[in-house]
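Please consult the sequence and structure below alongside the text.

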Amino acid sequence: MSSNRWLVVALILSLGINLGLAGFFLGRASTFEIPAREVMNPMWGVSRILRDLPADRRDALRPHYRAHMRAARSQAGEIHRAQQDLRKALLAESFDAAALDSSLDRFRKHLHASQTTSQSAFVTLVASLTPGERALLVTRMQHSSDGRRPGGRRPHPSR
């Protein structure tokens, strides 16, 4: 009777493992995909759209893009300095909550100023685009340069 019990246990384990493997391989072979949320980040598309436009349009839009990049570089320096202050406040031998609060406040202000400038430059650039160019921009904003969606996922072939 004991050997029959082990045989039944082995049969149940084998059946469970086989069903698990079958499910795994069927799942891998399946084309079913949970739709990904569309992520639209303007900075993923702005520079790439210029490469896709004809030379005359690229030349007309390039000054807007360069102005945006100059402002962004300047503000990136301010953000970096605020991050250094934040790092110092966090690593101070004698912790000072007021100093940390102050450095966080400076960081937030510089980050907000950078985002405001970036938004203004983006609106100026988009105002210069044709409807077709805006549609191209939306496509570029949703996909990275290698065709992957943000987060590393490739777009589904049916899309």
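In this predicted model, the buried residues of helix 5 are E133, L137, M141 and Q142. Two of these, L137 and M141, also belong to the largest nonpolar core. Across the protein chain, buried residues account for 18% of the 159 residues.

**Overall architecture**
- The protein chain contains 5 helices and 0 strands, and its elements follow the order α-α-α-α-α from the N terminus.
- Among contacts with a separation of 6 or more, 67% join residues 24 or more positions apart.

**Helix 5**
- Helix 5 covers residues 131-142, and its 12 residues should span 16 Å at 1.5 Å a residue; the end C-alpha atoms lie 17 Å apart, which agrees.

**Packing of helices 3 and 4**
- The axes of helix 3 (residues 55-91) and helix 4 (residues 97-127) come within 9 Å and cross at roughly 170°.
- Because angles over 145 degrees count as roughly antiparallel, helix 3 is roughly antiparallel to helix 4.
- The residues of this contact comprise 15 nonpolar, 10 polar and 3 charged.

**Largest nonpolar core**
- The core consists of 10 residues: V46, I49, L50, L53, L61, L125, V126, L129, L137 and M141.
- Helix 2 (42-52), helix 4 and helix 5 each contribute at least two residues to this core, and helix 2 gives the most, with 3 residues.
- L50, one of the core residues, touches R58, L61 and Y65, when residues up to four places away in sequence are not counted.
- L61 is likewise a member of the core.

How values were computed: Residues numbered from 1 in each chain as written. Predicted model: local features only at pLDDT ≥ 70, side-chain atom pairs only at ≥ 80, totals over all residues. Heavy atoms only, no water. Axes fitted to C-alpha atoms, helices over the stretch in contact; angles between N-to-C directions. Helix = DSSP H or I, 4+ residues; strand = E, 2+ residues; numbered from the N terminus. Parallel < 35°, antiparallel > 145°, perpendicular 65-115°, else oblique. Nonpolar A, V, L, I, M, F, W, Y, C, P; charged D, E, K, R; others polar. Expected span 1.5 Å × (residues − 1). Buried < 20%, exposed > 50% of the residue type's maximum accessible area, 1.4 Å probe, protein only. Core = buried A, V, L, I, M, F, W, Y, C linked by side-chain atoms within 4.5 Å. Contact = heavy atoms within 4.5 Å.
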